[in-house]
Amino acid sequence: MRSLSIVTALATGAGALSLSALQAQDAAPSLPGQPDVSRVESGTYITDPDHSLIGWRANHFGFNDYFGIFGDVTGTLVLDTETIENSTVAVTIPIASVITASAGLTGHLLSPGKDGAEPDFFGPEPEPATFTSTSIVSTGETTAIITGDLTMNGQTHPVTVAAQFTGVGANPMSQVTTVGFEGRALVDRTDFGISAFAPLVSREIELDISVAFEKQ
C-alpha cells in the first residue's frame, strides 16, 4: 500500500472521510512480483528480452544530460541462492538497437565516419556488446556487487555493477517464475575507442540496468 497522505477538510460542511475509507481507496492491487528473497530458487534463468533494457546517460557540453536505451537484452543467469558468490551472469546488448528521443541523434550514433574516417560513435553495423561476470559479492539481503568483463567496439575492460534484487513471482501471462534485478554502473566510453567530442560530451557514461530473468 502506498503511504497515505494526511487529508484536511477545508470546505465548510464537507463530508468527513474515514481513515479506513481512504486506505481502501489508496490500496494497491496485489502484484505477482514481490521483493521476497525467500521465494527465489537456485537454477538457470534466461532474460525476458521484451522487458530487459539498459539505459544510458551522458552530459552534453556541460549544459544538460541526454538519455538513450538499448533494448532486447538477452542473457543467462545461473543463480546459487545458498552461495551467491557461485552465481554467474552473462548478457548480450544489441548496440544496433540503440534509441533516443531524437531521430537525428540516433542517426548520428549509428552513422558511418565521414570520408572514410572512423565513426564518431557506434557506426552503421555495430557488433553487440557482451558482459560476463567474473565475481559476484553479496553486500546485503537484496544487493550485490557484480564485477565482469564488458566487450564493446572490439575492446574489453572490467566494469562493476551495483545490483539490487527487485522482485520474484510467477508471470501472470506465462506463469513462468521470474526474477527481476536493477543495477547501476559507470563506463568510460573512451576505454572502448568511442572518444568523439570528449570531454565536451562526457567520457563517463551512467548505465541504468533493468532485467527480468525467467526460470528454465
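## Aromatic pairs, salt bridges and strand pairing

Ring pairs join F165, F181 and F213 into a cluster, where rings of Phe, Tyr and Trp (its six-membered ring) are taken to pair if their centres lie within 6.5 Å, and where planes under 30 degrees apart count as stacked, over 60 as edge-to-face and the rest as tilted. The model is a predicted one, in which local features need pLDDT of at least 70 and side-chain atom pairs count only at pLDDT 80 or more, while totals for chains, interfaces and linings use all residues. Residues are numbered from 1 along each chain as its sequence is written, and side-chain values use heavy atoms, with hydrogens and water left out.

**Overall make-up**

- The protein has two helices and ten strands, which follow one another from the N terminus as α-β-β-β-β-β-α-β-β-β-β-β; helices (H or I, at least four residues) and strands (E, at least two) are DSSP runs, numbered from the N terminus.
- Of the 216 residues of the protein, 31% count as buried, a term that stands for under 20% relative accessible area, with exposed meaning over 50% and partly exposed lying in between (1.4 Å probe, protein chains only).
- The accessible surface of the protein amounts to about 12,800 Å², and 56% of this belongs to carbon and sulfur atoms; accessible areas come from the Shrake-Rupley method with a 1.4 Å probe, and for residues only the protein chains shown count as cover.
- Among contacts in the protein with a separation of 6 or more, 53% are made by residues 24 or more positions apart, a contact being heavy atoms within 4.5 Å.

- Strand β8 (residues 155-170) runs antiparallel to β9 and is joined to β9 by eight bridges; two strands pair if DSSP finds at least two bridges between them.
- The hairpin of β8 and β9 has six residues between the strands, and Q175 in this hairpin takes a positive phi near 65°.
- Strands β9 and β10 also run antiparallel, with eleven bridges joining them.
- R184 is the bridge partner in β9 of A162, and the bridge partner of R184 in β10 is D208.

**Aromatic pairs**

- The whole structure contains five aromatic pairs, and one of them is the edge-to-face pair of W56 and Y66, with 5.9 Å from centre to centre and 85° between the planes.
- This pair links distant parts of the chain, since W56 belongs to strand β2 (residues 53-60) and Y66 to strand β3 (residues 64-70), ten residues apart, and both W56 and Y66 are buried.
- F181 and F213 make another edge-to-face aromatic pair, at 6.3 Å centre to centre and 70° between the planes; F181 lies in strand β9 and F213 in strand β10, so the pair ties together parts that are 32 residues apart in sequence.
- F213 is buried, with a relative accessible area of 4%, whereas F181 is partly exposed, with a value of 23%.

**Salt bridges**

- Side chains of opposite charge can pair when their charged atoms come close.
- The structure holds four salt bridges, each defined as a side-chain nitrogen of Lys or Arg within 4 Å of a carboxyl oxygen of Asp or Glu.
- One of them joins R184 and D208, whose closest N and O atoms are 2.8 Å apart; the pair links distant parts of the chain, with R184 in strand β9 and D208 in strand β10, 24 residues apart.
- R184 counts as partly exposed at 45% relative accessibility, and D208 counts as partly exposed at 39%.
- D188 and R203 form a salt bridge in which the closest N and O atoms are 3.0 Å apart; D188 lies in strand β9 and R203 in the loop between β9 and β10, so the pair ties together parts that are 15 residues apart in sequence.
- E41 and K215 form a salt bridge with their closest N and O atoms 4.0 Å apart; E41 lies in the loop between α1 (19-26) and β1 (43-47) and K215 in strand β10, so this pair ties together parts that are 174 residues apart in sequence.

**Nonpolar surface patch**

- F61, F63, F197 and L200 make a nonpolar surface patch of about 460 Å²; patches are made of residues with over 30% relative accessible area and no salt bridge, like charges being joined within 9 Å and nonpolar side chains (Val, Leu, Ile, Met, Phe, Trp, Tyr) within 5 Å.
- F197 lies in the loop between β9 (177-188) and β10 (204-215) and is partly exposed, with a relative accessible area of 40%.
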